[in-house]
Amino acid sequence: MQSRRRSATEAIMNVIIGYMVAVFANLTVLPAFGYNVTLFDGAAIGLAFTFISLIRSYVIRRVF
């Protein structure tokens with residue numbers, strides 16, 4: 001079984017990569033829907049979802 005520390009490390013690495021993808025997606029997808037998004041906006045939106053994703057990933061990993 002994976003230790004809690006290893007579970008957290010895996011989740012953090014997954015979320016860091018996800019954050020970079022999210023920022024890029026925010027900057028490309030949201031303007032296609034008519035939203036004016038700055039780099040700061042894209043990064044802030046990505047950060048909010050990153051924290052949610054980190055918690056979700058850790059909880060799911062611990063359940064299984």
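Trainee: Where is the kink in α1 centred?
Mentor: On Asn 26, and the kink is about 30°. Keep in mind that this is a predicted model.

Trainee: How many residues does α1 have, and how far does α1 reach?
Mentor: α1 runs over residues 4-32, which is 29 residues. From first C-alpha to last it reaches 40 Å, close to the 42 Å expected at 1.5 Å a residue.

Trainee: Which residues of α1 are buried?
Mentor: Ser 7, Ala 11, Val 15, Val 23 and Asn 26.

Trainee: What do the buried residues of α1 pack against?
Mentor: Against α2, residues 39-63.

Trainee: Let's take Thr 50, then. Buried or exposed?
Mentor: Thr 50, which lies in α2, has a relative accessible area of 13%. The cut-off for buried is under 20%, so Thr 50 counts as buried.

Trainee: And what is Thr 50 in contact with?
Mentor: Val 15 and Tyr 19, leaving aside neighbours within four places in sequence.

Trainee: Are α1 and α2 roughly parallel or antiparallel?
Mentor: They pack at an angle of about 150°, with axes 7 Å apart. Angles over 145 degrees count as roughly antiparallel, so that is what α1 and α2 are.

Trainee: Left-handed or right-handed crossing?
Mentor: α1 and α2 cross in a right-handed way.

Trainee: Last one. What phi does Gly 34 take?
Mentor: A positive one, about 90°, just after α1.

Notes: Residues numbered from 1 in each chain as written. Predicted model: local features only at pLDDT ≥ 70, side-chain atom pairs only at ≥ 80, totals over all residues. Heavy atoms only, no water. Helix = DSSP H or I, 4+ residues; strand = E, 2+ residues; numbered from the N terminus. Expected span 1.5 Å × (residues − 1). Bend = angle between axes of the 7 residues up to and from the residue. Buried < 20%, exposed > 50% of the residue type's maximum accessible area, 1.4 Å probe, protein only. Contact = heavy atoms within 4.5 Å. Axes fitted to C-alpha atoms, helices over the stretch in contact; angles between N-to-C directions. Parallel < 35°, antiparallel > 145°, perpendicular 65-115°, else oblique. Left-handed = near helix turned anticlockwise from the far one by under 90°.
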